Structures are given as C-alpha cells and as structure tokens.
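Please consult the sequence and the structure shown here alongside the text.

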Amino acid sequence: IVPKVLEWVVGGDVSSLAEPREKLRFEGAWLLCNLASGSCEQTRILFDSGVPAALLRLLQSRATIEAARNGDTQEQIIWALGNFAGDSTAYRDYLLD
C-alpha cells in the first residue's frame with residue numbers, strides 16, 4: 001500500500017480516480033504522517049520504502065507550493081517528517097543532511 005499512497009502524494013497518474021489530485025495528495029500525506037507515528041517497525045518500513053526522501057522532494061517542489069494554497073498538504077508532510085525525526089536519531093540525521 002505504501003508505494004500506491006506515495007504515488008498519490010508525489011503526483012503519479014491518478015486519472016482513473018474520482019478525487020481531485022490535491023485532495024488525494026493531502027489524504028496520502030495524512031496517511032503517511034499517521035503511519036510514520038506508529039511503531040518503530042512501521043516507521044522503518046516507510047523509511048526503507050523511500051518515503052522521507054520523496055516527501056522532502058515534494059515539499060521542495062514548486063508544484064506543491066503552488067497547488068496547496070492553504071498549506072494543508074505541506075503541514076501533513078512536515079508532520080510526517082517530524083515523526084521520522086522523532087523516531088530515530090539516524091532518521092533525524094538523514095533529514096538534516
């Protein structure tokens with residue numbers, strides 16, 4: 001499920017889904033944020049799946065900044081990254097590099 005949710009968040013093809021792209025992006029970011037606040041094992045699976053790197057790229061992308069005018073999606077991404085940083089000093093150091 002993580003790869004599919006990550007695809008929604010980072011902008012894969014969602015044309016077959018009824019929801020607007022930004023709503024899917026927000027909901028996917030919300031889901032990843034909540035999963036990253038789970039157990040250390042759950043957070044490790046997300047980390048190993050490349051979630052933090054993808055979220056960092058998305059947070060820095062111009063398309064995300066322009067698309068999420070109210071900031072809700074960015075807020076979820078930042079919370080998710082904070083959950084990674086709070087789970088492990090290794091994850092924290094990765095995010096700071």
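Among contacts in the protein between residues at least 6 apart in sequence, what percentage join residues at least 24 apart? The share is 57%, where contact means heavy atoms within 4.5 Å.

**Basis of the values**

This is a predicted model, in which local features need pLDDT of at least 70 and side-chain atom pairs count only at pLDDT 80 or more, while totals for chains, interfaces and linings use all residues. Residues are numbered from 1 along each chain as its sequence is written, and side-chain values use heavy atoms, with hydrogens and water left out.

**Overall architecture**

The protein contains 7 helices and 0 strands, and its elements follow the order α-α-α-α-α-α-α from the N terminus. Helices (H or I, at least four residues) and strands (E, at least two) are DSSP runs numbered from the N terminus. Of the 97 residues, 34% count as buried; buried means under 20% relative accessible area, exposed over 50%, and partly exposed in between (1.4 Å probe, protein chains only). The accessible surface comes to about 5700 Å², and carbon and sulfur atoms hold 57% of that area. Accessible areas come from the Shrake-Rupley method with a 1.4 Å probe, and for residues only the protein chains shown count as cover.

**The nonpolar core**

In soluble globular proteins, nonpolar side chains tend to be buried together. The largest nonpolar core of this model has 19 residues, and those with the most contacts inside it include Val-9, Leu-32, Val-51 and Phe-84. Such a core is a set of buried Ala, Val, Leu, Ile, Met, Phe, Trp, Tyr and Cys residues joined through side-chain atoms within 4.5 Å. At least two residues of this core come from each of helix 1 (2-10), helix 2, helix 4 (51-60), helix 6 (72-87) and helix 7 (89-96). Leu-55 is also among the core residues with the most contacts. Leaving out residues up to four places away in sequence, Leu-55 touches Val-9, Leu-32, Ile-77, Ala-80 and Leu-81.

**Helix 2 against helix 3**

The axes of helix 2 (residues 21-36) and helix 3 (residues 40-48) come within 8 Å and cross at roughly 130 degrees. Axes are lines fitted to C-alpha atoms, for helices over the stretch in contact, and angles run from 0 to 180 degrees between N-to-C directions. The two helices are therefore oblique to each other, given that angles under 35 degrees count as roughly parallel, over 145 as roughly antiparallel, 65 to 115 as roughly perpendicular and the rest as oblique. Leu-32, Leu-35 and Ala-36 in helix 2 meet Gln-42, Thr-43 and Leu-46 in helix 3.

**Selected residues**

Cys-33 lies in helix 2 and is buried, with a relative accessible area of 8%. Beyond its neighbours within four places in sequence, Cys-33 is in contact with Gln-76, Trp-79, Ala-80 and Asn-83. Arg-57, in helix 4, counts as exposed at 55% relative accessibility. Asp-87 belongs to helix 6 and is partly exposed at 23%; with residues up to four places away not counted, Asp-87 touches Cys-40 and Thr-43.

The table lists C-alpha separations.

| Pair | Separation in sequence | C-alpha distance |
|---|---|---|
| Cys-33 and Thr-43 | 10 residues | 9.9 Å |
| Arg-57 and Val-10 | 47 residues | 8.5 Å |
| Asp-87 and Ser-39 | 48 residues | 8.6 Å |
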